[in-house]
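Please read the following note beside the sequence and the 3D view. It goes through selected features point by point.

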Amino acid sequence: MIAALHRTPPFLVSLTLAIGLLAYWLAGSTIGILAPLGALFLYARGYLLRSLWGGLLAAFAGATVTAVLYPGAVREAALSVGASVAVAACMGALIVRDPSRRGARDAAAQRQAPGHPGGLGAIPDDVAEGAIHPDDRAAIAQAAAYAFWTGVPQVTSYRLRLPDGRYRWTELRAEPGYGVSVDVDAMVSRPDDRWTVTESLGETVQAVQAAKVIESLHGKAWAFDATGKFTYVTPAAQIAIDMALEDLNRRLGEREFIDGGEVGWMRGVHPDDVDGAAATLRHCLKTGEPWNIEYRMLRATGHYVWHRISARPTRDGEGRITGWFGTSIDIDVYKKTEAALREREKHLEQLIDTVPAMIWSMSSEGRPIYLNRRIMEVTGATLDTVKASDGSLSLKKMIHPNFWELAEQTFTRSVVTGAPYNIKYLQHRAGGTYRWTQTRAEPLRDEAGKIIRWYGVSVDIHDLITTQTELNLRKQELTRLIDLVPSFLWRLTPTGAPNFFNRRFIDFLGIDEGGLEQSQTERYAAALKEAIHPDDASRVWAELKRCLSSGRPYAMRYRLRRHDGVYRWMDGRAEPLLDDDGSIIQWHGLSHDIDDQLRVEDALRESERSLRQLVETLPALIYCAAPNGEPIYRSEKLGEFLGFGLGDKDAEGQTRLAGTLEAIIHPDDLPNVKEKYGRSLATGTSYAMKHRLRRADGEFRWVETRTAAMRNAEGEIVQWNGISFEIEDQVRAQEALTLTQERLARAAQAASLAELSASIAHEVNQPLAAVVANSHACQRWLTSDPPNLERAQRTIERIIRDANSAADVVGRVRALFRQTDQARNLCPLDAILHEARDLMMEEAARRRMRIEVEVGAGLPSLELDRIQIQQVLVNLIRNGLEAMEPARRGVLRVRTLRAGDFVRTEVRDTGMGLGAPDKVFEAFFSTKPNGMGMGLAISRTIIETHGGRLWAENNQDGGAAFIFTLPVEAKSDHDR
Amino acid sequence: MTKHKSVVAVVDDDPRLLESLEELLESAGYAVRSFSSAAALTRAGLSGLDLLITDVGMPGLNGFELRDLVNQERPDLPVFLITGRHEIAEQIRARAVESFFCKPFDGQALLAAIARALTQQGRGR
């Protein structure tokens with residue numbers, strides 16, 4: 001603190017003085033004068049200081065006297081002043097430096113300064129030169145010099161003269177005057193150490209003189225003669241190695257040193273160095289070359305210490321060597337420092353090699369100098385592979401060819417300008433691959449700013465780059481995706497400001513992105529505000545506001561104006577993105593153009609409405625049923641016609657279908673309808689039938705009903721759609737038409753039979769006419785006069801011939817009705833029966849009659865002429881229906897069953913029965929007014945040619961039965 | 001009885017009938033020219049003929065058409081029609097046409113009708 005005060009500028013001290021006096025003046029307290037007094041002590045010296053002390057003492061005495069003599073306020077003031085003066089004196093005592101301590105500090109400082117003019121820089125100031133014993137002065141000087149040159153502290157004893165004139169041994173430590181960072185033992189010399197001088201210097205006088213000069217400069221020196229025998233050695237040196245001159249020169253073998261013998265000083269050299277030292281010395285002695293060598297010397301302490309030894313010869317006027325002088329410098333500190341440095345460098349290299357980074361350095365000209373082990377391991381490079389033939393940097397083997405040019409340019413620019421080097425490229429790896437690497441280098445400059453070296457580090461950033469590339473790619477993909485999505489995507493801040501529109505939305509709204517006077521958000525918000533249809537705007541903004549405040553998802557339909565001014569319906573949705581604590585980060589929204597969809601929906605609704613209208617206004621009865629046939633829909637017209645609703649006929653124990661059918665279908669048609677409808681439902685085939693339908697007023701009306709299955713894409717039936725046309729009038733007309741047709745058919749039948757008979761007559765008449773004419777001619781020839789017998793005879797021959805011809809015609813007519821069995825196939829009789837029934841169904845219905853068919857089980861197929869048997873059945877059924885005609889009502893029953901080797905078929909009517917059952921089969925017998933009576937005859941012929949029988953009988957309960965049998969194994973009539 | 005024989009032409013597609021008529025007419029003393037079709041007759045020509053007997057049902061020109069044709073060329077030539085189709089015969093008979101005969105026809109009646117026709121023709125000449 002005191003030191004700090006000493007450094008305080010004088011004006012601050014003056015300021016302190018002023019403030020203190022001002023404080024004293026204003027406060028009336030003597031405390032204020034403490035600071036100025038302290039300041040005075042700080043600067044007062046010599047006389048002034050003594051005066052200050054005196055003044056304080058006088059003031060203190062005066063105050064004490066005053067305090068004793070004057071009581072009251074005066075005493076108070078006197079005491080206060082006295083106390084202040086006492087405190088000021090104490091401060092002064094603290095601040096004023098102690099002269100003796102100041103002297104000690106200066107001495108320490110001076111000891112550190114080498115090259116003191118007096119040559120005794122290491123000797124304390126207060127030790128006058130004269131106080132040192134004259135004999136020790138040289139040793140002290142040598143020790144100081146030696147300490148400086150070698151860096152080894154010298155501890156030397158000397159005699160110091162006391163004030164009473166006696167001498168006292170004391171010790172001096174001479175430091176080298178600079179810091180040595182290695183651990184070095186001080187060299188300690190003692191006065192009782194033994195050293196000697198030679199008795200005669202001989203020829204080495206000059207050498208010894210030179211040695212002493214060196215000694216005076218350097219602290220240590222020696223001289224030896226031309227044979228290597230020491231004539232002078234600095235006493236301190238003798239002491240240091242604990243060898244006197246005699247010891248050094250003592251011959252240890254037969255031979256002299258110069259002849260290769262061993263001498264005493266060699267014992268003081270490290271065994272590893274001694275041969276080299278001796279050999280070089282002998283060589284120098286012989287040749288006169290200067291002797292320079294380093295070896296380890298055994299010190300008295302038992303330690304070997306590195307020394308550098310130099311010796312030069314002295315020559316006389318003829319150039320002959322008269323002796324040698326030299327010095328040995330203790331270089332242990334240097335050696336140790338060098339070793340320590342080497343160690344540190346090695347450590348540093350290890351550090352650099354083990355650091356997980358690729359480090360390198362190059363010279364200021366850009367020549368590679370160093371690669372750390374890691375860079376070599378990782379890249380496979382060595383100093384040689386990164387050097388061109390001229391030693392300059394070559395990156396050809398280090399980096400990818402694509403980057404050669406860029407790296408070259410960057411590198412050259414850095415080397416030329418000294419700018420830091422920074423580049424990213426694909427760097428070669430030991431495995432043969434390339435990886436992204438970032439290389440940075442900075443120059444190391446000297447004090448003058450000149451570049452000494454470049455240091456660089458390469459960092460593998462491949463994963464980073466690939467990750468970044470991947471990320472960029474992802475981002476691009478995402479952006480593309482967002483722009484590609486055929487919807488409008490947007491984002492709002494929690495307050496509802498739009499901060500993102502995707503590309504499609506921007507294009508849709510026609511936002512100009514060039515304008516920079518507005519922020520993007522402002523631009524988007526303005527565009528959106530303008531685009532929303534005025535009729536929708538208020539509810540859109542209100543709903544958005546509600547969603548923003550409540551956080552619930554937003555969903556609305558509204559119109560947006562496209563860039564071309566067309567409003568399009570949008571389906572807009574948005575959901576909030578929440579962070580971990582549930583607060584909204586932003587809103588993500590999507591608007592979908594549903595304009596086309598809405599139009600399609602409208603069109604669909606319109607189309608559905610018009611279809612329904614169509615269905616309801618069509619002059620037809622329309623219904624729909626579930627796949628199982630249950631009614632599910634009736635058109636209004638059908639509902640009105642039937643007079644009841646879909647479910648009105650539901651009853652326990654039966655389906656709605658069964659209930660409905662029974663309620664609306666004529667009982668006579670019901671079995672057929674049920675059977676056919678059932679078959680359609682089971683097989684999925686369309687259904688078409690004419691039947692009577694009960695109207696609401698109870699009257700049955702003929703309708704034609706058609707039903708078809710509606711299937712889905714998989715082909716499954718989803719619904720049955722049906723339509724019924726009222727055909728009452730049509731049926732009536734048809735009945736009338738059929739009656740006419742039947743009459744016509746009968747007439748046609750008659751006509752064809754007449755034609756047949758006419759043609760038969762013609763065929764027969766032709767030969768008959770010839771016979772008749774010939775007969776008349778014959779008669780005339782016979783009755784002529786004279787009778788012409790010859791002509792008569794010829795005529796009779798012709799008559800016979802033509803009569804036979806007529807008989808042939810009759811035979812041919814018979815053959816007309818005889819069928820061959822070529823048309824026969826195995827047929828199931830029941831199938832033929834059903835066909836015949838279907839053919840006659842309409843006729844039966846018109847006559848208000850029913851045909852019931854009963855087929856026995858297990859009927860075999862028969863070999864039949866299908867058409868002929870069908871003709872027989874149709875003929876028999878028609879006969880039966882006609883027989884029941886007078887009653888205009890009744891059931892014709894057709895039954896077929898197996899009877900032994902035959903299949904027996906019966907057609908029973910409920911008519912009047914037959915008067916003569918056998919006669920009906922005769923040709924041209926007919927009970928009917930218009931009949932030709934050929935049908936039954938032909939039918940019997942057909943059955944008989946099939947090997948069966950046809951006959952008629954009367955039923956017990958009235959009516960007739962026509963029965964025919966057919967053999968199970970049909971035989972052709974040829975076999976009979 | 002004149003020495004000149006009347007010439008009667010007969011047309012019928014049935015050779016048996018053609019033969020039997022030829023026999024009958026020859027037995028009655030007529031000269032007969034037989035033709036198997038109307039075309040054959042027209043090729044031969046009508047000159048020299050005193051009477052024509054033709055079948056109705058024939059391929060090519062039928063009997064009625066042949067008669068109409070002959071009537072144009074020789075209105076004086078009597079033409080007799082014969083047919084095996086009774087329904088046709090009945091229609092014509094209903095119109096009391098004498099020169100029409102049904103197969104099988106009565107030979108004596110035919111010859112008598114021919115003689116009558118030839119006589120009338122001779123008287124008219």
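In which sense do β16(A) and β17(A) pair, and over how many bridges? The pairing of β16(A) with β17(A), residues 567-578, is antiparallel and runs over eight bridges.

1. Basis of the note. This is a predicted model, in which local features need pLDDT of at least 70 and side-chain atom pairs count only at pLDDT 80 or more, while totals for chains, interfaces and linings use all residues. Residues are numbered from 1 along each chain as its sequence is written, and chains are lettered from A and ligands numbered from 1 in the order in which they are written.

2. The five-stranded sheet. β16(A) and β17(A) belong to an open sheet of five strands in chain A, with the order β15-β14-β18-β17-β16 and antiparallel pairing. Strands (E, at least two residues) and helices (H or I, at least four) are DSSP runs numbered from the N terminus, and two strands pair if DSSP finds at least two bridges between them. At the edges are β15 (498-501) and β16 (554-561) of chain A, each pairing on one side only. From one strand to the next the twist averages 25 degrees. One of the bridges links A:Arg561 to A:Tyr567 in β17(A).

3. The helix across the sheet. Helix α17 of chain A, residues 520-531, lies across β15 and β16 of chain A and runs at about 80 degrees to β15(A). Such angles run from 0 to 180 degrees between N-to-C directions, with axes fitted to C-alpha atoms, for helices over the stretch in contact. α17(A) has 12 residues and spans 16 Å from its first C-alpha to its last, close to the 16 Å expected at 1.5 Å a residue; the expected span is 1.5 Å times one less than the number of residues.

4. The buried side of α17(A). Which residues of α17(A) are buried? They are A:Arg523, A:Tyr524, A:Ala527 and A:Ala531. They lie on the same side of α17(A) because they cover an arc of only 95 degrees around the axis, taken from the directions from the helix axis to the C-beta atoms. A residue is buried if 20 or more other C-beta atoms lie within 10 Å of its own, exposed if 12 or fewer, and partly exposed in between, with C-beta atoms placed from the backbone. The buried residues of α17(A) pack against β15, α16 (503-509) and β16 of chain A.

5. Backbone points to check. Most residues other than glycine have a negative phi, and most peptide bonds are trans. A:Asp242, in the loop between α9 (235-241) and α10 (245-249) of chain A, has a positive phi of about 55 degrees. A:Asp242 counts as partly exposed because it has 16 C-beta neighbours inside 10 Å. A:Arg848 also has a positive phi, near 60 degrees, and counts as exposed, with 12 C-beta neighbours inside 10 Å. A cis peptide bond, with omega about -5 degrees, joins A:Asp785 and A:Pro786.

6. The contact between chains. In chain B, 19 residues are in contact with 19 residues of chain A, contact meaning C-beta atoms, placed from the backbone, within 7 Å. α1(B) gives the most to this side of chain B, with eight residues.

Note on methods: Two residues are in contact if their C-beta atoms, placed from the backbone, lie within 7 Å.
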